[in-house]
Amino acid sequence: MTKLENDFLKITISEKGAELTSIFRKDIQKELLWQADASSWNRHAPVLFPFVGKLKNNSFKWQDKSYLCSQHGFARDEQFSVMFQSTESVALKLSASQNTLQHFPFPFHLELGYTLIKATLSCTYKVINTGDETMYFSIGAHPGFTCPLFENETLTDYSIMFNQDEYLNRHLLTNGLFDLREEPVITGKFLPLSEVLFAKDAIVFKNIRSSSVTLSSSRHPHKISVSFEGFPYLGIWKKPEARFICIEPWYGLADYVQHNGKLEEKEGIQSLKSNDIFEAAYNIEIH
(Lines give C-alpha, C1' and ligand atoms only; values in the text may rest on other atoms or scores of the structure.)
Protein backbone atom coordinates (compact mmCIF):
# COMPACT_ATOMS: atom_id res chain seq x y z
CA MET A 1 0.00 0.00 0.00
CA THR A 2 1.06 3.57 -0.75
CA LYS A 3 -0.01 6.35 1.63
CA LEU A 4 -0.42 10.08 1.02
CA GLU A 5 -1.31 12.63 3.68
CA ASN A 6 -1.75 16.35 4.28
CA ASP A 7 -3.62 18.48 6.82
CA PHE A 8 -7.02 17.51 5.37
CA LEU A 9 -6.91 13.94 4.09
CA LYS A 10 -5.16 10.59 4.38
CA ILE A 11 -5.13 8.53 1.18
CA THR A 12 -4.21 4.90 0.56
CA ILE A 13 -3.54 3.34 -2.84
CA SER A 14 -2.94 -0.34 -3.57
CA GLU A 15 -0.30 -1.36 -6.11
CA LYS A 16 -2.77 -4.02 -7.26
CA GLY A 17 -4.78 -2.22 -9.90
CA ALA A 18 -3.34 1.12 -8.74
CA GLU A 19 -6.64 1.26 -6.88
CA LEU A 20 -7.56 4.02 -4.49
CA THR A 21 -8.55 2.19 -1.28
CA SER A 22 -9.07 4.92 1.32
CA ILE A 23 -9.99 8.60 1.55
CA PHE A 24 -9.98 9.45 5.23
CA ARG A 25 -11.25 12.89 6.20
CA LYS A 26 -9.29 14.04 9.24
CA ASP A 27 -11.54 16.76 10.65
CA ILE A 28 -14.57 14.49 11.12
CA GLN A 29 -12.55 11.24 11.43
CA LYS A 30 -14.57 9.52 8.71
CA GLU A 31 -13.68 7.10 5.93
CA LEU A 32 -15.25 8.46 2.73
CA LEU A 33 -14.45 5.59 0.38
CA TRP A 34 -16.39 2.32 0.29
CA GLN A 35 -14.39 -0.36 2.09
CA ALA A 36 -14.99 -3.27 -0.30
CA ASP A 37 -17.46 -5.32 1.72
CA ALA A 38 -17.53 -8.54 -0.28
CA SER A 39 -21.19 -9.16 0.60
CA SER A 40 -22.20 -6.42 -1.86
CA TRP A 41 -19.17 -5.12 -3.84
CA ASN A 42 -15.58 -6.15 -3.16
CA ARG A 43 -13.82 -3.16 -4.73
CA HIS A 44 -13.15 0.46 -3.76
CA ALA A 45 -12.36 2.51 -6.87
CA PRO A 46 -11.12 0.29 -9.71
CA VAL A 47 -9.51 1.72 -12.83
CA LEU A 48 -11.38 0.58 -15.94
CA PHE A 49 -8.95 -0.26 -18.76
CA PRO A 50 -8.77 -1.18 -21.61
CA PHE A 51 -12.58 -1.33 -21.56
CA VAL A 52 -15.41 0.38 -19.73
CA GLY A 53 -18.35 -1.89 -19.05
CA LYS A 54 -19.14 -5.22 -20.62
CA LEU A 55 -18.26 -6.54 -24.08
CA LYS A 56 -20.86 -8.49 -26.03
CA ASN A 57 -20.04 -12.19 -25.42
CA ASN A 58 -17.09 -10.88 -23.34
CA SER A 59 -15.10 -10.62 -26.56
CA PHE A 60 -14.11 -8.33 -29.43
CA LYS A 61 -12.69 -8.71 -32.93
CA TRP A 62 -9.49 -7.16 -34.19
CA GLN A 63 -8.01 -7.95 -37.61
CA ASP A 64 -10.17 -11.07 -38.02
CA LYS A 65 -9.17 -12.50 -34.63
CA SER A 66 -11.34 -12.72 -31.53
CA TYR A 67 -10.08 -11.85 -28.05
CA LEU A 68 -11.70 -12.53 -24.69
CA CYS A 69 -11.72 -9.77 -22.10
CA SER A 70 -13.75 -9.51 -18.91
CA GLN A 71 -16.00 -6.65 -17.89
CA HIS A 72 -14.12 -3.38 -17.25
CA GLY A 73 -10.87 -4.88 -18.54
CA PHE A 74 -7.85 -6.33 -16.75
CA ALA A 75 -5.95 -3.33 -15.32
CA ARG A 76 -7.86 -3.43 -12.03
CA ASP A 77 -6.38 -6.88 -11.31
CA GLU A 78 -2.82 -6.28 -12.52
CA GLN A 79 0.17 -5.35 -10.37
CA PHE A 80 1.41 -1.80 -10.99
CA SER A 81 4.87 -0.53 -10.13
CA VAL A 82 5.56 2.73 -8.32
CA MET A 83 7.37 5.23 -10.56
CA PHE A 84 7.52 8.12 -8.10
CA GLN A 85 6.32 8.85 -4.59
CA SER A 86 6.34 11.76 -2.16
CA THR A 87 4.28 12.68 0.90
CA GLU A 88 1.43 14.05 -1.20
CA SER A 89 1.87 12.45 -4.64
CA VAL A 90 2.44 9.08 -6.29
CA ALA A 91 2.65 7.76 -9.87
CA LEU A 92 2.17 4.10 -10.80
CA LYS A 93 2.71 2.26 -14.07
CA LEU A 94 1.48 -0.83 -15.89
CA SER A 95 3.00 -2.03 -19.16
CA ALA A 96 1.77 -4.61 -21.66
CA SER A 97 2.91 -8.16 -20.97
CA GLN A 98 2.49 -11.60 -22.50
CA ASN A 99 -0.59 -12.00 -20.32
CA THR A 100 -2.23 -8.72 -21.38
CA LEU A 101 -1.46 -9.32 -25.06
CA GLN A 102 -3.58 -12.47 -24.94
CA HIS A 103 -6.62 -10.34 -24.11
CA PHE A 104 -5.70 -7.01 -25.72
CA PRO A 105 -3.32 -7.10 -28.72
CA PHE A 106 -1.71 -3.69 -28.25
CA PRO A 107 1.58 -2.74 -26.55
CA PHE A 108 1.01 0.12 -24.10
CA HIS A 109 2.14 1.93 -20.98
CA LEU A 110 -0.59 2.99 -18.54
CA GLU A 111 0.40 5.56 -15.92
CA LEU A 112 -1.85 6.62 -13.04
CA GLY A 113 -1.14 9.56 -10.77
CA TYR A 114 -2.64 10.65 -7.43
CA THR A 115 -1.86 14.05 -5.93
CA LEU A 116 -3.23 15.74 -2.81
CA ILE A 117 -3.85 19.49 -3.08
CA LYS A 118 -5.44 20.65 0.20
CA ALA A 119 -8.85 18.88 0.37
CA THR A 120 -8.73 17.75 -3.26
CA LEU A 121 -7.36 14.51 -4.71
CA SER A 122 -6.28 14.84 -8.34
CA CYS A 123 -6.37 11.56 -10.30
CA THR A 124 -4.58 11.46 -13.65
CA TYR A 125 -4.48 8.96 -16.52
CA LYS A 126 -1.79 8.67 -19.16
CA VAL A 127 -1.98 6.02 -21.91
CA ILE A 128 1.00 5.65 -24.25
CA ASN A 129 0.76 3.59 -27.43
CA THR A 130 4.14 1.84 -27.64
CA GLY A 131 3.15 -0.27 -30.65
CA ASP A 132 3.42 0.29 -34.39
CA GLU A 133 -0.30 0.50 -35.21
CA THR A 134 -3.26 2.53 -34.01
CA MET A 135 -4.49 1.36 -30.62
CA TYR A 136 -8.17 1.28 -29.61
CA PHE A 137 -9.11 1.43 -25.93
CA SER A 138 -11.39 2.87 -23.26
CA ILE A 139 -10.60 4.10 -19.77
CA GLY A 140 -12.69 5.23 -16.84
CA ALA A 141 -13.01 5.74 -13.10
CA HIS A 142 -15.23 3.81 -10.67
CA PRO A 143 -14.86 5.33 -7.17
CA GLY A 144 -17.42 4.24 -4.59
CA PHE A 145 -18.20 6.75 -1.83
CA THR A 146 -19.65 5.85 1.55
CA CYS A 147 -23.31 6.84 1.35
CA PRO A 148 -25.07 7.37 3.65
CA LEU A 149 -22.02 8.53 5.61
CA PHE A 150 -23.67 8.97 9.01
CA GLU A 151 -25.74 6.37 10.84
CA ASN A 152 -28.80 8.63 11.22
CA GLU A 153 -29.08 9.18 7.45
CA THR A 154 -30.80 7.30 4.64
CA LEU A 155 -30.11 7.31 0.91
CA THR A 156 -33.11 9.57 0.31
CA ASP A 157 -31.38 12.30 2.34
CA TYR A 158 -28.84 12.54 -0.50
CA SER A 159 -28.84 14.09 -3.93
CA ILE A 160 -26.37 14.69 -6.73
CA MET A 161 -26.12 18.26 -8.03
CA PHE A 162 -24.82 18.91 -11.55
CA ASN A 163 -22.97 22.16 -12.21
CA GLN A 164 -25.07 22.80 -15.35
CA ASP A 165 -28.77 22.43 -16.06
CA GLU A 166 -29.28 19.02 -17.61
CA TYR A 167 -32.10 17.42 -19.59
CA LEU A 168 -30.84 13.87 -19.73
CA ASN A 169 -32.11 10.39 -20.46
CA ARG A 170 -30.47 7.36 -18.92
CA HIS A 171 -29.40 4.64 -21.33
CA LEU A 172 -30.71 1.32 -20.07
CA LEU A 173 -28.85 -1.98 -19.84
CA THR A 174 -29.88 -5.61 -20.15
CA ASN A 175 -27.37 -8.02 -18.63
CA GLY A 176 -24.71 -5.31 -18.84
CA LEU A 177 -25.31 -4.36 -22.49
CA PHE A 178 -27.15 -1.31 -23.80
CA ASP A 179 -30.46 -2.25 -25.38
CA LEU A 180 -31.47 1.02 -27.12
CA ARG A 181 -34.03 1.91 -24.43
CA GLU A 182 -33.88 5.32 -22.76
CA GLU A 183 -35.71 6.94 -19.86
CA PRO A 184 -35.74 10.60 -18.76
CA VAL A 185 -34.13 10.94 -15.36
CA ILE A 186 -33.05 14.55 -14.76
CA THR A 187 -34.41 17.98 -15.64
CA GLY A 188 -32.39 20.76 -14.06
CA LYS A 189 -29.43 20.39 -11.71
CA PHE A 190 -30.63 18.01 -8.98
CA LEU A 191 -30.90 14.23 -9.01
CA PRO A 192 -32.50 13.02 -5.73
CA LEU A 193 -31.22 9.57 -4.81
CA SER A 194 -33.32 6.53 -3.98
CA GLU A 195 -33.09 2.76 -4.24
CA VAL A 196 -35.73 2.78 -7.00
CA LEU A 197 -33.35 4.73 -9.27
CA PHE A 198 -30.96 1.77 -9.37
CA ALA A 199 -33.48 -1.03 -9.80
CA LYS A 200 -32.54 -1.06 -13.51
CA ASP A 201 -28.77 -1.17 -12.96
CA ALA A 202 -26.44 1.81 -13.45
CA ILE A 203 -27.59 5.25 -14.57
CA VAL A 204 -25.56 6.06 -17.68
CA PHE A 205 -25.52 9.52 -19.25
CA LYS A 206 -24.29 10.62 -22.67
CA ASN A 207 -24.17 14.19 -24.00
CA ILE A 208 -23.67 15.59 -20.53
CA ARG A 209 -23.06 19.34 -20.31
CA SER A 210 -21.75 19.41 -16.75
CA SER A 211 -18.08 19.10 -15.86
CA SER A 212 -18.68 18.28 -12.19
CA VAL A 213 -21.25 16.81 -9.81
CA THR A 214 -21.59 17.12 -6.05
CA LEU A 215 -22.90 14.44 -3.68
CA SER A 216 -24.52 16.01 -0.63
CA SER A 217 -26.89 15.30 2.24
CA SER A 218 -29.80 17.43 3.43
CA ARG A 219 -28.94 16.52 7.02
CA HIS A 220 -25.18 17.21 7.19
CA PRO A 221 -22.89 19.80 5.56
CA HIS A 222 -20.51 17.11 4.26
CA LYS A 223 -20.13 17.17 0.44
CA ILE A 224 -18.02 15.37 -2.18
CA SER A 225 -17.52 16.89 -5.63
CA VAL A 226 -16.19 14.95 -8.61
CA SER A 227 -14.98 17.09 -11.52
CA PHE A 228 -14.33 15.47 -14.90
CA GLU A 229 -13.65 18.07 -17.57
CA GLY A 230 -13.52 16.43 -21.01
CA PHE A 231 -14.98 13.05 -20.06
CA PRO A 232 -17.84 12.31 -22.50
CA TYR A 233 -19.81 9.87 -20.33
CA LEU A 234 -20.87 9.56 -16.71
CA GLY A 235 -22.13 6.53 -14.80
CA ILE A 236 -23.82 6.52 -11.38
CA TRP A 237 -24.28 3.15 -9.68
CA LYS A 238 -24.92 1.33 -6.43
CA LYS A 239 -25.86 -2.14 -5.29
CA PRO A 240 -29.32 -2.51 -3.69
CA GLU A 241 -29.30 -1.53 -0.01
CA ALA A 242 -25.48 -1.17 0.08
CA ARG A 243 -24.04 1.96 1.74
CA PHE A 244 -22.16 3.36 -1.23
CA ILE A 245 -22.69 5.36 -4.40
CA CYS A 246 -20.30 5.28 -7.37
CA ILE A 247 -19.70 8.39 -9.49
CA GLU A 248 -17.90 7.27 -12.66
CA PRO A 249 -16.43 9.52 -15.37
CA TRP A 250 -15.71 7.49 -18.51
CA TYR A 251 -13.98 7.59 -21.86
CA GLY A 252 -15.92 4.59 -23.15
CA LEU A 253 -19.10 2.55 -22.88
CA ALA A 254 -20.37 -1.01 -22.65
CA ASP A 255 -21.36 -2.68 -25.91
CA TYR A 256 -24.84 -2.52 -27.40
CA VAL A 257 -26.76 -5.76 -27.86
CA GLN A 258 -26.55 -5.39 -31.66
CA HIS A 259 -22.81 -4.58 -31.81
CA ASN A 260 -20.91 -6.53 -34.49
CA GLY A 261 -17.91 -7.04 -32.19
CA LYS A 262 -15.44 -5.03 -34.29
CA LEU A 263 -13.25 -3.06 -31.91
CA GLU A 264 -12.76 -0.06 -34.18
CA GLU A 265 -16.57 0.28 -34.60
CA LYS A 266 -17.39 0.15 -30.88
CA GLU A 267 -19.26 3.24 -29.64
CA GLY A 268 -17.14 5.44 -27.38
CA ILE A 269 -13.84 3.72 -28.26
CA GLN A 270 -10.73 5.91 -28.17
CA SER A 271 -8.03 5.67 -30.86
CA LEU A 272 -4.36 6.44 -30.32
CA LYS A 273 -1.71 6.45 -33.04
CA SER A 274 1.68 4.83 -32.60
CA ASN A 275 3.80 6.62 -29.97
CA ASP A 276 1.00 9.09 -29.19
CA ILE A 277 -0.15 9.89 -25.65
CA PHE A 278 -3.68 10.13 -24.23
CA GLU A 279 -4.12 12.12 -21.01
CA ALA A 280 -7.13 12.78 -18.79
CA ALA A 281 -7.78 13.76 -15.19
CA TYR A 282 -10.59 13.92 -12.69
CA ASN A 283 -10.65 15.43 -9.20
CA ILE A 284 -12.31 14.45 -5.95
CA GLU A 285 -12.89 17.46 -3.70
CA ILE A 286 -14.03 17.16 -0.09
CA HIS A 287 -16.14 20.06 1.24
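This is a predicted model: local features need pLDDT of at least 70, side-chain atom pairs count only at pLDDT 80 or more; totals for chains, interfaces and linings use all residues.
Residues are numbered from 1 along each chain as its sequence is written. Local features need pLDDT of at least 70 and side-chain atom pairs pLDDT 80 or more, while totals for chains, interfaces and linings use all residues; side-chain values use heavy atoms, without hydrogens and water.

**Exercise 1.** Find which residues touch the most other members of the largest nonpolar core.

Start with the term: such a core joins buried Ala, Val, Leu, Ile, Met, Phe, Trp, Tyr and Cys residues through side-chain atoms within 4.5 Å. Buried means under 20% relative accessible area, exposed over 50%, and partly exposed in between (1.4 Å probe, protein chains only). Among the 77 residues of this core, the answer is Leu20, Phe49, Phe104, Leu110, Tyr114, Phe162 and Ile236. Next, take Phe104: beyond its neighbours within four places in sequence, its contacts (heavy atoms within 4.5 Å) include Phe49, Tyr67 and Met135.

**Exercise 2.** Work out where the salt bridge between aspartate 77 and arginine 43 sits.

A salt bridge puts a side-chain nitrogen of Lys or Arg within 4 Å of a carboxyl oxygen of Asp or Glu. Here the N to O distance is 3.2 Å. The partners lie 34 residues apart in the chain.

**Exercise 3.** Decide whether lysine 206 is buried or exposed.

Lysine 206 has a relative accessible area of 11%, so it is buried. Its salt-bridge partner, glutamate 267, has its O 2.8 Å from the N. Glutamate 267 is partly exposed, at 34%.

Terms used:
Helices (H or I, at least four residues) and strands (E, at least two) are DSSP runs, numbered from the N terminus.
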